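I want to see how they sit in the fold.

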Amino acid sequence: MNERHNFIQDYRSNFGKAPDGLDKFYIKELETPLSPEEEEKAKAEEEEKSKKKEKKGGKAKEKGKKKGGGGDAEEGGEKMLKVGPTEVVQKFDEFYDGYAGEWENRDESNNKEQQYDRQMARDEVLPLVKKEYQKEVDEMIKMELENLKLQLSGGKKKKGKGKKKKKKGRKGKKKANKLPGARYIRDMSEYDMLVELVKNGIVKKLPPANLKDFIGEFNYIHMMMEDLMDTPREPSMALIRQLVTEYIIFPLGSALVRRRFPEHVRSFLFYGPAGTGKSLVVRAIATETRSVIFDISPLSIEGVFAQDRKDSEKMVAMVMTAAKEYAPSLIYIDECEKIWPAKKKKKKGQKKAKKNDMKNPTRIKKALTKWKAKWITDETRITIVGCTAEPHEGSKKEFKKFFDKSIYFPFPDYTTRRLMWKVFIENAGGKLKADF
């Protein structure tokens, strides 16, 4: 900033006016008007240089004529084309040089988590920051130059400019979020929301697990015995692992995969008998992707944010906003059949359920559905996983409407049980024969 101010002052003292812009500031030496004597010397030097060039050109032509008298054919026959490396090869050379200079002799033995190098990141980002800062400073200086010119000319600013600025201000205003509960969290930061959710037990840390802990193989016997075209078969444990990896872990763990994934999958339903590994897979997803877990299961939200309907909407808005800020995020709903219950015939003498009953888990259903439809996109790494051991207690219509895909968790088959026994016995220190 000071250098540009000094440039403007020097320019005014030399030329008696303000500069038109900052183009000349980036030239090392300022252009100063030459005196008549200096102009004559410069012209004389240019004339002498032009005469010397003409003389050299004439001599070179004479030499060419002498040499080219009888040896044109021989020289023409001996000419060879020089072919250099292609652009692809040059790029590979640049990549190799960059690798050899920065990574070949770099010791990464203590960096198992592959954390970024602050100095390297600073060196890459600093030139970009300098360019942005330079643009902002140049714009400020240009505004000062305009004001300076107006002061020197004794004029006034045009009236139309002020009106245009007001219009720009109107256009620049952010659109208010009209989703349920959004207006109740306008004054809260994402960090305050996260702290509030942690205190109320909605954001929690589940025991770590890996996807390989979900033991199982492909169901080879089932495929041989049944006709795949006629009867639907139960998925094997290996197939479940494959589906979870491709549809949940990869898109949730990588923003690039999330954007390029062909299907718009935001929510999953895990259903099957109790004890078949649904919660284990949820823990494995959170561990593999290092996601923040938001547990809004009926048991977790019981008595939490339950004063009125506004309080429930505020909770859902806080969960969704914090999940987007601290992505990747996993929203977990256990016993989801209680949030989307099936309609049952009422018995005689049975009282009607209250619509605004804050003890009923269905209080978050409408807000959650609206937020999921408009908030979770290809750019937001948020995935909702619902688990149920009693899918018949829930509404099939609402399940299909809310969850994009569903995965069935069956009881383990023969090959999976055999593999489980083998792993458990070996982990306990037992030894098995080769024909087990």
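This is a predicted model: local features need pLDDT of at least 70, side-chain atom pairs count only at pLDDT 80 or more; totals for chains, interfaces and linings use all residues.

Which residues of H11 are buried? I looked them up and got Lys278, Val281, Val282, Ala284, Ile285, Ala286 and Thr289, with buried meaning under 20% relative accessible area (1.4 Å probe, protein chains only).

Residues are numbered from 1 along each chain as its sequence is written, and side-chain values use heavy atoms, with hydrogens and water left out.

Helices are DSSP runs (H or I, at least four residues) and strands likewise (E, at least two), numbered from the N terminus. The buried residues of H11 pack against helix H9 (237–253) and strand S2 (267–271), plus S3, S4 and S5. After H11 comes arginine 290, with a positive phi near 55°.

Next, H12 (residues 309–325). I found 12 of its 17 residues buried, so H12 is largely enclosed by the rest of the structure. Among the packing partners of those buried residues are helix H7 (190–199) and helix H13 (365–375).

I then checked H12 against H13. Their axes (lines fitted to C-alpha atoms, for helices over the stretch in contact) come within 9 Å and cross at roughly 25°. The two are therefore roughly parallel, a label for angles under 35 degrees. Contact means heavy atoms within 4.5 Å; on the H12 side I list Glu313, Val316, Ala317, Met320, Thr321 and Lys324, meeting Ala367, Leu368, Trp371, Lys372 and Trp375 in H13.

Technical notes:
Buried means under 20% relative accessible area, exposed over 50%, partly exposed in between (1.4 Å probe, protein chains only). Axes are lines fitted to C-alpha atoms, for helices over the stretch in contact, and angles run from 0 to 180 degrees between N-to-C directions. Angles under 35 degrees count as roughly parallel, over 145 as roughly antiparallel, 65 to 115 as roughly perpendicular and the rest as oblique.
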